[in-house]
Amino acid sequence: MRIAVAKEIDEGETRVALVPDAVAKLVAAGHQVSIEPDAGADADFADQTYVDVGATVDGDALAGADLVASVRPLNSGAIRALAEGMATISFLPPAQSLDLVAELRDRSVSAFALELVPRISRAQSMDALSSQALVSGYRAAIVASGLLRRFFPLSMTAAGTVQPAEVVVLGAGVAGLQAIATCRRLGSVVKAYDVRAAAAEEIQSMGAKAIELDLDTLEGAGGYAREMTEDRAQRQRDLLAPHIAAADVLITTAAVPGRQAPLLVTADMVEQMKPGSVVVDLAAETGGNVEGSKPGSIVSIGDAQVWGGANVAGQMPGPASRLLAQNIVNLIALMTGEDAALAPDFDDEIVVGACVTHGGEVRHGPTRELLE
Ligand code: NAD
C-alpha cells in the first residue's frame with residue numbers, strides 16, 4: 001500500500017510517526033512510503049535519511065495515500081484532502097476530537113486510534129501508550145535530577161559524606177516504574193505508592209521501597225486503577241503527607257483511564273517540603289496530580305519548584321519516535337493482507353478496539369454515543 005508520513009502541525013509536537021528505520025521495514029514488506037517535507041526534522045531525522053531507505057519526499061503525500069501515519073490527528077483541512085475510504089493511524093483521543101471524528105466518518109476514512117489499542121498481551125508490541133510512558137517516566141527522573149541542586153547518590157569522600165536524595169514516586173505504572181528505575185540508577189533512595197494490589201511487588205523489583213498505607217487497594221477493570229471517592233482521596237493525602245514532607249523530590253504519574261488525573265497532593269502538602277525540593281507532575285496536562293502545577297511551566301509553591309509536564313515524551317523526540325514508529329509498523333503489519341494491501345480484519349479484537357471510524361460509521365461505541 002501507499003503509506004504517507006505526515007509532518008506534524010500541532011505546536012510543540014516534535015515527534016514523527018515513522019522514523020527511517022521503520023520506513024525501511026515497510027519498504028522491505030512491499031509498501032511505498034512518502035513523507036511530507038521535514039516530517040522528521042524536529043526529531044532529528046532529515047528528509048535525506050528517509051530517501052536513503054527508499055521513501056519519497058512529497059508535499060502532496062497525504063492525498064495519494066492508502067494510509068496516513070501521524071502522531072497527532074490530522075486537522076480538518078488535511079482530512080478533506082484525503083481520498084475517501086483510506087485509513088489513518090494516530091493518537092486520536094476521540095472524546096476530545098468529536099468534530100474531527102465526524103469529519104473522518106463523513107469522509108469514510110478508517111481511523112485507528114493508538115490510545116484505543118487494547119492492552120492485551122498480543123498487542124503489547126503495538127502499545128503506544130506504554131512506549132511513550134516509558135520515555136516520559138525516564139525524562140521525569142532526569143528533569144528532577146537536573147532541577148535538584150543536590151546530589152542524587154550517596155558520596156563518601158575525604159571531605160565527608162554526602163547523603164543521597166530521597167525521592168517519592170506516586171503512581172507506579174509504566175511511567176512511574178521507569179522513573180523509579182532511573183532514580184535508582186542515579187543513586188537516590190526511592191519510595192513509591194500506587195493503589196493497585198500488584199504495585200508493591202513491582203516497586204520493590206525496581207529497588208524501591210513500597211509505601212504501605214492503611215487503605216484498600218483500588219483495582220478496576222483490566223487491572224487498572226479505579227477513581228477514588230473524595231473521602232478516600234483525603235485519607236490518602238493525609239497518610240502520604242509525612243512521606244512527601246521528608247522527600248527532596250516528588251514525582252507524580254498517577255492516572256485513571258478515561259478520567260481526569262486524581263489530585264494526590266495539595267499545595268499545602270508541597271509547602272511542607274524542604275527548601276529547594278523539586279516536584280515533577282507528569283499528569284499536569286490531564287488535570288494534575290499536584291495542586292497548582294502548570295503544564296509546560298515551572299512554578300514555585302512554598303520553597304519547592306513544581307515542574308508540570310507537557311508532551312513529555314516529545315522532549316526526547318528521537319527515541320520516543322523510534323518506539324512509536326515500531327508500534328505503528330506492528331499495527332500496520334497486523335492490518336496488511338496479501339500483496340501488501342490494507343486489509344483490516346474486523347474480527348480481530350485489536351483492530352476492532354482501535355477503530356474509531358470505518359465505512360462511514362463511528363465504530364467506537366462511547367464516541368458514537370457522544371456524537372448522538
Ligand atoms: P496509567 O497511566 O493509567 O496510570 C498510572 C498509574 O497510576 C497506575 O499504576 C495506577 O494504578 C496509578 N494510580 C491511579 N490512581 C492512583 C492514586 N490515587 N494513587 C496512586 N496511584 C494511582 O497506567 P499504566 O502505566 O498505563 O498501566 C497501569 C498497569 O497496566 C500496569 O500494571 C501495567 O503493567 C499494566 N499494563 C499492561 C499492559 C499489557 O498487558 N499489555 C500494557 C500496559 C500496561
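**The model.** The structure is a predicted model, in which local features need pLDDT of at least 70 and side-chain atom pairs count only at pLDDT 80 or more, while totals for chains, interfaces and linings use all residues. Residues are numbered from 1 along each chain as its sequence is written. Colour the protein chain by pLDDT, the predictor's confidence in each residue, from 0 to 100. The mean is 96, and 100% of the residues reach 70 or more. For the complex, the predictor gives an ipTM of 0.95 and a pTM of 0.96.

The shell holds 30 residues, the closest being G171, G173, A225, A254 and A255. Helix 5 (128–147) and helix 6 (174–185) are the elements that give two or more residues to this shell; helices are DSSP runs (H or I, at least four residues), numbered from the N terminus. By class, the shell has 18 nonpolar, eight polar and four charged residues, where Ala, Val, Leu, Ile, Met, Phe, Trp, Tyr, Cys and Pro count as nonpolar, Asp, Glu, Lys and Arg as charged, and the others, Gly among them, as polar.

**Helix 5 with helix 6.** Display these two helices next. Their axes (lines fitted to C-alpha atoms over the stretch in contact, with angles from 0 to 180 degrees between N-to-C directions) are 7 Å apart, and the helices pack at an angle of about 40 degrees. Residues in contact (C-beta atoms, placed from the backbone, within 7 Å) include S130, A133 and G137 of helix 5 and V174, G176 and T182 of helix 6. This contact comprises 11 nonpolar, six polar and no charged residues.

**Helix 5 with helix 10.** Select A128, S131, Q132 and V135 in helix 5, which meet P319, A320, L323, L324 and N327 in helix 10. Six of the contact residues are nonpolar, three polar and none charged.

**Helix 1 with helix 10.** Finally, show helix 1 (residues 20–28), whose axis comes within 9 Å of that of helix 10 and crosses it at roughly 15 degrees. That angle makes the two helices roughly parallel. D21, A22, K25 and L26 in helix 1 meet R322, A325, Q326, V329 and I332 in helix 10. Here the contact has five nonpolar, one polar and three charged residues.

Conventions: A residue is near a molecule or strand if its C-beta atom, placed from the backbone, lies within 6 Å of it. Two residues are in contact if their C-beta atoms, placed from the backbone, lie within 7 Å. Angles under 35 degrees count as roughly parallel, over 145 as roughly antiparallel, 65 to 115 as roughly perpendicular and the rest as oblique.
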